[in-house]
Every structure is written in structure tokens, then in C-alpha cells.
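Look over the sequence and the structure before reading on.

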Amino acid sequence: YVRQGSVIRITKLGTLQAEAQLSKSIVDAQKVLAPLRVKVIPVSYATVTELETQVKPFLTVERGKVVSDARTSSLIITDTAEVLEKLSRLV
């Protein structure tokens, strides 16, 4: 069974697993199709090359990029809007 709000839905386990897999694949497809954005984040009290290595694990796999610009002391990040928001709070 699955509780959806005040409704209890009873069905076979295989049906529930298939629905969960389908919803997961829809979410994954939306992440792949999300438009990329570019954001420049100025850095004041850290070295940009160190921050570049710390930011890389949080990027979207195979889509996100980060480039450090030592001349202007800033990070140039290309990724989805959701990831950019998280990374700007992190930096």
C-alpha cells in the first residue's frame, strides 16, 4: 500500500515499483533537459584554484563546468539554475 495524503492506495508491489522507477526516470530526464546558465562568482578571501577543486564535486555530471580566473579572482560556473544557486551559497 501507499499513503497519498488521506488516501491509502492498495496495489501489487510490482506496480508500485514500476511507478517509482517511471517517476525516477522522469526526474532524471528533466535534469538532462534543464537549460544551462552561466554565473560569475567573485571571490574575496580565498584562492580561486582551491575553490575550483572544492566546487567540482557539486556540479551536474557531464554538464557542469567551472573555470577559475585568477586575474579577476572569480569563478565562472556553467550549470543548471538549481546547482548555481547552491554553489553561490557554498562559495
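## Strand pairing

Strands β3 and β5 run antiparallel, with 6 bridges joining them. Strand β5 covers residues 74–79. The model is predicted, so local features need pLDDT of at least 70 and side-chain atom pairs count only at pLDDT 80 or more, while totals for chains, interfaces and linings use all residues. Residues are numbered from 1 along each chain as its sequence is written, and side-chain values use heavy atoms, with hydrogens and water left out. Helices (H or I, at least four residues) and strands (E, at least two) are DSSP runs, numbered from the N terminus. Two strands count as paired if DSSP finds at least two bridges between them.

Two contacts of this pairing can be named. Ile41 stands opposite Leu75 in β5. Pro42 has Ser74 of β5 as its bridge partner. On the other pairing, β4 and β5 are joined by 5 bridges and also run antiparallel. There, Lys65 is partnered with Thr78 of β5.

## The sheet as a whole

The 3 strands make an open sheet in the order β3-β5-β4, with antiparallel pairing. Its edge strands are β3 (37–42) and β4 (65–69), and each pairs on one side only. From one strand to the next, the twist averages 15°. Angles run from 0 to 180 degrees between N-to-C directions, and axes are lines fitted to C-alpha atoms, for helices over the stretch in contact.

Strand β5 is mostly covered, with 5 of its 6 residues buried. Buried means under 20% relative accessible area, exposed over 50%, and partly exposed in between (1.4 Å probe, protein chains only).

## Helices on the sheet

Helix α2 (residues 48–55) packs on the sheet and touches β4 and β5. Its direction makes about 170° with that of β4. Contact means heavy atoms within 4.5 Å.

Helix α3 (residues 81–90) lies across β3 and β5. It runs at about 10° to β3.

Most residues other than glycine have a negative phi. Which values does phi take at Glu62 and Ser73? Phi of Glu62 is near 65°, and that of Ser73 is about 55°. Both values are positive, and neither residue is a glycine.

Glu62 sits in the loop between α2 and β4. It counts as exposed because its relative accessibility is 81%. Ser73 lies in the loop between β4 and β5. The hairpin of these strands has 4 residues between them. Ser73 counts as partly exposed because its relative accessibility is 25%.

Pro42 belongs to strand β3. Is Pro42 buried or exposed? It is exposed, because its relative accessible area is 62%.

Not counting residues up to four places away in sequence, Pro42 touches Ser73 and Ser74. Pro42 and Thr72 are 30 residues apart in sequence, yet 7.7 Å apart in space, C-alpha to C-alpha.

Thr60 is found in the loop between α2 and β4. It is partly exposed, because its relative accessible area is 22%. Leaving aside neighbours within four places in sequence, Thr60 is in contact with Asp79, Thr80 and Val83. The C-alpha atoms of Thr60 and Thr80 are separated by 7.8 Å, with the two residues 20 apart along the chain.

Thr60, Thr80 and Val83 are among the residues lining the largest pocket. Helices α1 (13–33) and α3 are the elements that give two or more residues to the lining. The largest share, 3 residues, comes from α3. By class, the lining has 3 nonpolar, 3 polar and 3 charged residues. Ala, Val, Leu, Ile, Met, Phe, Trp, Tyr, Cys and Pro count as nonpolar, Asp, Glu, Lys and Arg as charged, and the others, Gly among them, as polar.

A pocket, on a 1 Å grid over the protein atoms alone, is an open set of points where a 1.4 Å probe fits, with protein on both sides within 12 Å along at least five of seven lines; lining residues have an atom within 4 Å of a point.
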